Amino acid sequence: MKAAIAGAGIAGLAAANALAARGWTVDVYEKSPGLRSSGYAIDFFGPGYDAAEQMGLVPAIRQHALKIDDVIFVNEDDRPASTLNLKYAMQAAGDRWISLLRGDLEKVLHAALPEGVTLHYGHKAEGAQSKDGKGVLQFSDGSQVEADLVIGADGVHSAVRRSVFGPESGFSRFLGYHTAAFVFEDEALHREIGDAVRALNLPGRQVWLYPLDERSGDASKSRGELAAFFVHSAQEERPSEDPKAELRRVYGDLGWHVPRILQVLDTVDDLYFDSLSQIEMERWHDGRVVLLGDAAWAVTLLAGQGASLGVGGALALAEMLGDGSAIDQGLAAFETALMPDILDKQKAGRQAASWFAPQTAFGLTIRHIVLRILNLPGLSRLIGPLLAPSAKGFSL
Ligand SMILES: Cc1cc2nc3c(=O)[nH]c(=O)nc-3n(C[C@H](O)[C@H](O)[C@H](O)COP(=O)(O)OP(=O)(O)OC[C@H]3O[C@@H](n4cnc5c(N)ncnc54)[C@H](O)[C@@H]3O)c2cc1C
């Protein structure tokens, strides 16, 4: 059987791995010219971790694990206001939790691709259709390929979804925030912030700084790498045409390390910038075209599991399709099995918004107080269950 996948992100690469392992011939079409860069730090647990374990990828993923145990929320003068002990959440997940860069997860999935998978970089999918029992994937240069199944794993702004199911506005639920992230090097700043993630939280605005040291202690990795991550309230779903200008406008009056980060911004050429919007659909497939990952069900970073759902969803899809002898039944079963869990995780993400990114000073104060109480001796064990309520796999 032949699959054509649009998008070589986490979901697309995981699907290529899982389908090839079941005897499929897979072609992956990615619009970027090559593997994407590091992106931002993610926590990988839940269904994705379970799937990665089944695919034998956990040891390779662990090699990129970041040394992140604590998130310290600071004031503008860098004084700690409260601390989130991630190690309790990791323990609650039975240590089945890895923090790493999104790009490193993609690298592991890419390196694991078996024979039978061909990657085509620089191929931008324009649309898809199901025709005569086949899937057809069309590209921006006017060419097209035919396969037994087309998988749209082309992210939250999916071109495959738009062409098969209609405009993004029909499926997008804007959660009221814009976000940005990039990786940069600054040895002095890295030394200053130390081992923990430090986050400046103000009503409706957050700046996080991650020191990117790997647990493996690989000395060949460059020292002084940091990831900066911003989240701020926004009225308009559509981010400004000039993301750097938006960041300077929203954060330009802040102290702490922000002026330094904004200065680096000028030199950044792979800035991630987007609105936080969930994708809500009643079905993910139409004939021989199916959506996967953010293209189908973006949960946003507020649910903290998009990458995990991409890998878990890819393995679930491959399991339901098997050798491809009953594709239509497999696609129907995939939707029925995953939809309830995905809806739960999206709801959890929406509910997490006021906790993760409080819009008011009162909301922030309450969060600091709750975290301080939870850090009291004897109460810390409550943090794990609070942080990882949905760290379970799909109930297939
Ligand atoms: C700041 C931030 C923090 C996050 N933290 C976490 C976390 O802690 N845990 C977690 O699990 N998730 C987290 N996420 C979410 C996670 O990163 C995403 O859900 C996940 O990367 C989605 O993977 P995907 O493969 O579905 O889509 P994408 O990563 O968007 O990949 C889509 C791919 O398709 C390509 N593409 C797009 N359009 C086309 C086209 N027309 N033709 C061909 N190729 C195309 C893109 O270049 C890309 O390679 C976070 C997200 C952000 C932004």
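**Figure 1. Strand β12 and its two antiparallel neighbours.** In this predicted model, strand β12 is joined to strand β15, which covers residues 225-233, by nine bridges, and the two strands run antiparallel. Within this pairing, Tyr177 has Ser233 of β15 as its bridge partner. Strand β12 is also joined to strand β16, made up of residues 272-279, through seven bridges, and here again the two strands run antiparallel. Strand β12 spans residues 172-185, and because eleven of its 14 residues are buried, the strand is largely enclosed by the rest of the structure. In a regular strand, side chains alternate between the two faces of the sheet.

Figure 2. The side chain of His232 makes a polar contact of 2.8 Å with the side chain of Glu246, and another polar contact, of 2.9 Å, joins the side chains of His232 and Tyr251. When residues up to four places away in sequence are not counted, the residues that His232 touches include Gly176, Tyr177 and His178, together with Gly204, Arg205, Leu247, Val250 and Phe273.

Figure 3. The ligand is surrounded by 31 residues, of which the closest are Glu30, Tyr40, Asp43, Ala125 and Asp294. By type, the residues of this shell divide into 13 nonpolar, ten polar and eight charged. Helix α1 (10-20), strands β2 (25-30) and β3 (41-45), and helix α11 (306-321) each supply at least two residues of the shell, and α11 gives the most, with three residues.

Figure 4. A polar side-chain atom of Arg36 lies 3.1 Å from an oxygen atom of the ligand. From the backbone, an N or O atom of Gly306 lies 3.2 Å from a nitrogen atom of the ligand, while a backbone N or O atom of Ser308 lies 3.1 Å from an oxygen atom of the ligand. Taken alone, the ligand exposes 1,000 Å², and the protein buries 91% of that area.

**Figure 5. An open sheet of six strands.** Six strands form an open sheet with mixed pairing, and their order is β7-β2-β1-β11-β18-β17. The edge strands are β7 (117-121) and β17 (285-286), each of which pairs on one side only. Inside the sheet, strand β1 (residues 2-6) and strand β11 (residues 149-152) run parallel and are joined by four bridges. Within this pair, Ala3 has Leu149 of β11 as its bridge partner.

**Figure 6. Helix α5 and the elements that cover it.** Helix α5, formed by residues 102-111, is mostly covered, with seven of its ten residues buried. These buried residues are Arg102, Gly103, Asp104, Leu105, Glu106, Val108 and Leu109. The elements that cover them include α1, β3, α3 (58-62), β6 (97-101) and α11. Two of these covering elements, α1 and α11, are also among those that each supply at least two residues to the shell around the ligand.

Figure 7. Ser158 is found in the loop between β11 and α6 (159-165). This residue is buried, with a relative accessible area of 1%. Leaving aside its neighbours within four places in sequence, Ser158 is in contact with Leu291 and Ala295.

**Figure 8. Two loop residues with positive phi.** Most residues other than glycine have a negative phi. Asp132, however, has a phi near 50°, which is a positive value, and this residue lies in the loop between β8 (125-131) and β9 (134-139). Thr300 likewise has a positive phi, near 75°, and its place is in the loop between α10 (294-297) and α11. Asp132 counts as exposed, at 74% relative accessibility, whereas Thr300 counts as buried, at 13%.

Notes:
Residues are numbered from 1 along each chain as its sequence is written. This is a predicted model: local features need pLDDT of at least 70, side-chain atom pairs count only at pLDDT 80 or more; totals for chains, interfaces and linings use all residues. Side-chain values use heavy atoms; hydrogens and water are left out. Buried means under 20% relative accessible area, exposed over 50%, partly exposed in between (1.4 Å probe, protein chains only). Two strands pair if DSSP finds at least two bridges between them. A residue is near a molecule or strand if one of its heavy atoms lies within 4 Å of it. A polar contact is a pair of N or O atoms within 3.5 Å; within protein, one must be able to donate a hydrogen and the other to accept it, and residues adjacent in sequence count only if both atoms are side-chain atoms. Accessible areas come from the Shrake-Rupley method with a 1.4 Å probe; for residues, only the protein chains shown count as cover. Ala, Val, Leu, Ile, Met, Phe, Trp, Tyr, Cys and Pro count as nonpolar, Asp, Glu, Lys and Arg as charged, and the others, Gly among them, as polar. Contact means heavy atoms within 4.5 Å.
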